[in-house]
Every structure is written in C-alpha cells, then in structure tokens.
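Subject: Structure handover

Hello,

Here is the structure for your files. My notes on what was found in it follow below.

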Amino acid sequence: MTQKSTSDAPRDKNGLTEEEFLKSYNPGKYPQPSLTADICVIHDGRILLIKRGGHPYINHWALPGGFANKDEPLENTASRELAEETSVQNKDMELIGVFSKPHRDPRGWVVSAAFKTVLDKDVQVKAADDAKDAAWFEIIQQDEIHLQNGDIVLTLNDLAFDHGEIIAKALGQ
C-alpha cells in the first residue's frame with residue numbers, strides 16, 4: 001500500500017491535513033470528565049458492596065469501583081478495581097450503562113461505565129485499598145428493593161453516589 005504524500009492528504013475547511021490539525025489541537029479547549037468503572041457483582045440472590053473508607057461518602061455502602069488510569073480500557077479498570085477493593089478476580093463483565101448525571105459525584109465531573117458480573121460460585125471477599133469493608137447483601141425485592149446483611153438493611157437511596165440507580169438497572173428495574 002502506498003502512503004499518501006502530505007499534498008494528497010484530505011484537507012478540512014481550514015486547509016489543514018489531519019497531521020497539521022493535530023499539531024495545533026488544544027485538548028484543554030473542552031472540559032474533560034474523570035472516568036470511573038462501577039461493578040455490580042451478583043451471586044445467588046446477593047450483591048457485593050463495599051463500605052467506603054474515605055471521602056466522599058465515608059462509611060457509606062457502595063459498589064466496588066474507581067478511577068480509570070489514563071491508558072486503561074474501562075473493562076480493565078473494572079477488573080482491577082474489583083480485585084483491589086474486594087480481592088475478587090473476575091474479567092467476565094457486561095456493560096450495563098454509562099452514568100453521567102451532573103453532580104453524581106461531589107468531586108466534580110465524573111462519568112462512570114457500570115458493569116455487571118454474575119458469579120457461578122461463592123467467593124470470599126476481603127476489603128482492601130480504599131474499602132473499609134466488603135460484604136454480600138441479600139437482594140430483597142418487594143415494593144422496593146432492599147439489601148440486607150444481618151442487621152444492616154439498606155434501600156437503594158442509602159447507597160453512595162448514584163449506585164442505587166446502577167443496581168436498579170443491573171436488576172432490570
């Protein structure tokens with residue numbers, strides 16, 4: 001295949017080739033969000049939650065997840081964060097949606113890709129990294145969804161961020 005010379009390259013309305021355009025492009029011209037991945041891990045009618053060990057939402061229950069690294073696909077972010085926060089190793093995840101409501105995270109503009117995985121066997125979880133605790137919660141679907149672990153009973157509105165909305169979507173609500 002012959003490479004086109006610069007003179008043969010397509011030009012935009014300003015007369016620039018793509019190479020010329022990219023040399024002068026300013027990525028700071030547009031605001032950029034932070035990207036995160038949140039993971040719904042489901043097994044035998046239960047969902048895995050972590051208790052946040054830091055701000056924001058310290059001591060609130062949430063889905064495992066966290067910020068993407070610059071050169072990391074979000075699927076890898078999901079697997080990495082799940083392992084770091086709960087010690088669960090799983091790469092088989094399905095994208096359930098992108099969550100981008102303004103102010104969903106008090107730290108700023110944060111867009112999250114939410115994933116779901118259904119485990120076929122019981123796994124032990126261990127809180128690590130920025131998770132203070134990790135535990136399985138039974139999913140109780142009545143008039144509204146409740147999550148229960150012993151004496152702890154949560155509604156979806158009790159969770160950090162918009163994780164209740166993510167869980168509802170993961171459960172087909």
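**Notes on the structure**

Glu-75 is partly exposed, with a relative accessible area of 48%; here buried means under 20% relative accessible area, exposed over 50%, and partly exposed in between (1.4 Å probe, protein chains only). Glu-75 belongs to helix 2. Its C-alpha lies 9.6 Å from that of Ala-114, a residue 39 places away in sequence.

Before the rest, the basis. This is a predicted model, in which local features need pLDDT of at least 70 and side-chain atom pairs count only at pLDDT 80 or more, while totals for chains, interfaces and linings use all residues. Residues are numbered from 1 along each chain as its sequence is written, and side-chain values use heavy atoms, with hydrogens and water left out.

**Overall layout**

The chain has 3 helices and 9 strands. Helices (H or I, at least four residues) and strands (E, at least two) are DSSP runs, numbered from the N terminus. In sequence order the pattern is α-β-β-β-β-α-β-β-β-β-β-α.

The radius of gyration of the chain is 21 Å, whereas a compact globule of 173 residues would have one near 16 Å. That radius is taken over C-alpha atoms, and the globule rule is 2.2 Å times the number of residues to the power 0.38. Along the principal axes, the C-alpha atoms fill a box of roughly 70 × 35 × 30 Å.

Of the 173 residues, 40% count as buried. The accessible surface is about 10700 Å², and 48% of it belongs to carbon and sulfur atoms; areas come from the Shrake-Rupley method with a 1.4 Å probe, and for residues only the protein chains shown count as cover. Contact means heavy atoms within 4.5 Å. Among contacts between residues at least 6 apart in sequence, 62% join residues at least 24 apart.

As for charge, the mean positions of the 19 positive and 28 negative charges are 6 Å apart. Lys and Arg count as positive and Asp and Glu as negative, with His and the chain ends not counted. Each charge is placed at NZ of Lys, CZ of Arg, CG of Asp or CD of Glu.

**Helix 3 and its surroundings**

Helix 3 (residues 163–170) has 6 of its 8 residues buried, so it is largely enclosed by the rest of the structure. The buried residues are His-163, Gly-164, Ile-166, Ile-167, Ala-168 and Ala-170. They pack against several strands, including strand 1 (34–43), strand 5 (94–99) and strand 6 (110–118). Just after the helix, Gly-172 has a positive phi of about 80 degrees.

Cys-40 is in strand 1 and is buried, with a relative accessible area of 0%. Which residues does Cys-40 contact, leaving aside its neighbours within four places in sequence? Among them are Ile-166, Ile-167 and Ala-170, together with Ile-47, Leu-63, Ile-96 and Phe-115. Asp-122 is 82 residues from Cys-40 along the chain, and their C-alpha atoms are separated by 15 Å.

**Helix 2**

Thr-77 is found in helix 2 (residues 74–86). Thr-77 is buried at 0% relative accessible area. Neighbours within four places aside, Thr-77 is in contact with Ala-37, Gly-66, Phe-67, Ala-68, Asn-69 and Glu-72.

**Aromatic pairs**

Rings of Phe, Tyr and Trp (its six-membered ring) pair if their centres lie within 6.5 Å; planes under 30 degrees apart count as stacked, over 60 as edge-to-face and the rest as tilted. The count by this rule is 3 aromatic pairs. One of them is Phe-21 with Tyr-25, tilted, at 5.6 Å centre to centre and 45 degrees between the planes. Phe-21 is partly exposed at 36%, and Tyr-25 is partly exposed at 38%.

Trp-61 and Phe-137 have ring centres 4.8 Å apart and planes at 70 degrees, so this pair is edge-to-face. Trp-61 lies in strand 3 (residues 61–62) and Phe-137 in strand 7 (residues 131–141), so the pair ties together parts 76 residues apart in sequence. Trp-61 is buried at 8% relative accessibility, and Phe-137 is buried at 0%.

**The loop between strand 2 and strand 3**

Pro-56 sits in this loop, and the peptide bond from His-55 to Pro-56 is cis, with omega near -5 degrees. Tyr-57, in the loop too, has a positive phi near 65 degrees without being a glycine; Tyr-57 is partly exposed at 30%. Asn-59 is also in the loop, with a positive phi of about 70 degrees although it is not a glycine, and is partly exposed at 37%.

Regards
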